[in-house]
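Welcome! Take a moment to turn the model around on your screen, and then let us walk through it together.

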Amino acid sequence: MFKLAELFSNDTIKAILDRYKLIWSINHALSLLGWDLETYMPEQGVKERSIATSQLSVLAHKLLIDESFVRLVDKASDMKDLNDYERGVVRVLKREIEKAKKIPPKLVEELSRVTSEATVVWRNAKAENNFKVFEPYLAKIVDLMREVADKLGYDEHPYDALLDLYEEGLKTRDFDRVVEVITPRLKKILDRVRSEGYYPESHPLEDREYRVEALKRVNKSILELIGYDPKTLRLDVSAHPFTTSMGVKDVRITTRYEGKDFRRSILAVIHEYGHALYELQIDEKLATTPLAKGVSLGIHESQSRFWENIVGRSRDFVDLIYSIVAEELEYVREYTPEELYRYFNIVRPGLIRVDADEVTYNLHIVVRFELEKLLVKGEIKVSDLPELWAEQYEDKLGIKPKTYSEGVLQDIHWSGGSIGYFPTYTIGTIVAAQIKHAMESDLGPLSEVISSKKFDSIKTWLREKIHRWGSTYDPKTLMKKSLGEELNPERYIEYLESKYIKI
Ligand code: MG
């Protein structure tokens with residue numbers, strides 16, 4: 001069905017892609033197993049599922065570092081006359097092979113064993129507000145991740161090696177500069193928003209309960225409004241919203257229904273739709289190749305945040321969905337569209353990252369970045385974390401956690417060994433603002449595009465500039481090529497100022 005020949009003509013590359021199809025197929029199966037685990041699997045299936053998952057991962061790993069396969073990739077990397085797609089295949093595979101070869105199997109095994117235990121321990125520790133039981137696990141994980149950084153190698157900072165796992169080419173130094181630019185200005189915007197009082201710190205709609213069936217219909221109508229095709233996309237329910245891609249024609253998203261504060265479920269759908277659209281609009285001629293996935297977590301997150309924040313929380317979008325929401329949730333009729341907009345844009349410095357608004361969100365990330373950097377460098381100990389966490393929150397957001405659960409224990413990431421991951425959320429918000437800027441110079445003001453329901457022009461723009469390429473270009477090259485500039489935190493600050501500070 002998919003013709004590769006049009007994009008790939010080099011015989012060595014064609015041989016590589018032929019071999020890669022088996023690795024792709026295993027990953028395809030792993031994605032489906034992972035999606036099923038979070039959605040429909042009966043609870044007691046978990047033990048056998050984890051055996052199947054780890055065995056399949058071992059098989060994919062073996063195929064990737066198989067000598068004859070590596071030799072083919074090395075041969076291709078010496079070739080001069082490759083096109084952009086072919087060079088992309090070599091770049092992506094060399095990165096994967098290098099990672100697989102540099103980290104010894106014993107370290108991979110230990111990490112997997114420690115993190116699967118630690119995730120269970122973390123869940124209980126958080127529920128019981130007990131940092132002490134999680135502390136030894138986290139200390140072990142930090143040690144192991146420092147070892148990973150050493151094995152992978154780095155020029156300046158061991159944290160560079162971990163950042164690169166999630167955001168190709170991102171350096172600690174780059175992110176330090178981002179933090180320097182955004183931190184004081186975010187604090188300033190927050191102060192202005194709070195003193196002006198237009199955007200509320202809380203709203204009565206947060207406490208209103210909804211019937212799940214009614215909100216499910218709202219979510220479906222909103223997806224239809226922005227261009228949902230049930231032939232390629234499914235929406236299901238899970239404890240935490242996520243997106244899984246099985247291929248360029250089969251992507252699954254989820255949302256959650258908590259029973260009140262309905263904007264959370266709606267915004268999760270729009271967020272995951274952004275992730276899904278990226279995968280669905282990859283050039284189908286790239287299907288089954290190493291290029292058939294979003295290029296990095298930061299660029300991926302830029303897609304979800306663009307839809308969630310820049311589209312979903314805009315005045316024009318809220319006006320559009322007002323009647324959809326009010327039809328199913330009768331109490332919404334007590335409020336004007338403007339009130340609904342204010343409810344979607346509550347700004348409140350809080351302790352919990354996942355509940356944060358557009359203005360404060362990245363201050364939460366700065367806290368984690370500063371602490372991770374010190375942990376990985378060995379400059380602080382895990383036992384120092386609760387105190388340093390509180391200090392950082394006081395400094396960045398002006399509030400201190402009273403419990404571990406609402407402080408250092410709140411995120412799942414560290415228990416799973418994801419250190420160096422948080423900055424990609426900030427990269428995503430910044431790139432989303434850059435996309436808005438670039439898109440508007442082509443399509444005119446986004447507010448008009450949205451109010452006239454021209455979601456197709458937004459989707460086409462994203463497809464041509466970002467999506468169709470998959471992982472063909474590394475993130476920095478893609479941005480320069482498609483947005484005309486590198487990572488530029490100024491665009492994000494400009495966007496926030498124009499939305500939140502009335503001049
Ligand atoms: Mg996301």
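**A guided tour**

Our first stop is His271, which is buried, with a relative accessible area of 11%. Keep in mind throughout that this is a predicted model. Glu301 is buried as well, at a relative accessible area of 7%.

What do these residues hold? Since His271 sits in helix H10 (residues 263–280) and Glu301 in helix H11 (residues 297–312), the pair ties together parts that are 30 residues apart in sequence.

Now let us move to helix H3, which spans residues 67–77. Which of its residues are buried? They are Phe69, Val70, Leu72, Val73 and Ala76. These residues cover an arc of only 155° around the axis, so they end up on the same side of H3. Look at the other side of H3 and you will find Glu67 and Arg71 exposed.

The structure holds one cavity of 30 Å³ or more, and about 40 Å³ of space lies in the largest cavity. Its lining is formed by Trp122, Phe134, Val408, Leu409, Asp411, Trp414 and Ser415. Sorted by class, that lining has five nonpolar residues, one polar and one charged.

How values were computed
Residues are numbered from 1 along each chain as its sequence is written. This is a predicted model: local features need pLDDT of at least 70, side-chain atom pairs count only at pLDDT 80 or more; totals for chains, interfaces and linings use all residues. Side-chain values use heavy atoms; hydrogens and water are left out. Helices (H or I, at least four residues) and strands (E, at least two) are DSSP runs, numbered from the N terminus. Buried means under 20% relative accessible area, exposed over 50%, partly exposed in between (1.4 Å probe, protein chains only). On a 1 Å grid over the protein atoms alone, a cavity is a set of points where a 1.4 Å probe fits but cannot get out, and a pocket is an open set with protein on both sides within 12 Å along at least five of seven lines; lining residues have an atom within 4 Å of a point. Grid points are joined across faces, edges and corners, and a volume is the space filled by probe spheres set on the points. Ala, Val, Leu, Ile, Met, Phe, Trp, Tyr, Cys and Pro count as nonpolar, Asp, Glu, Lys and Arg as charged, and the others, Gly among them, as polar. The arc is that of the directions from the helix axis to the C-beta atoms.
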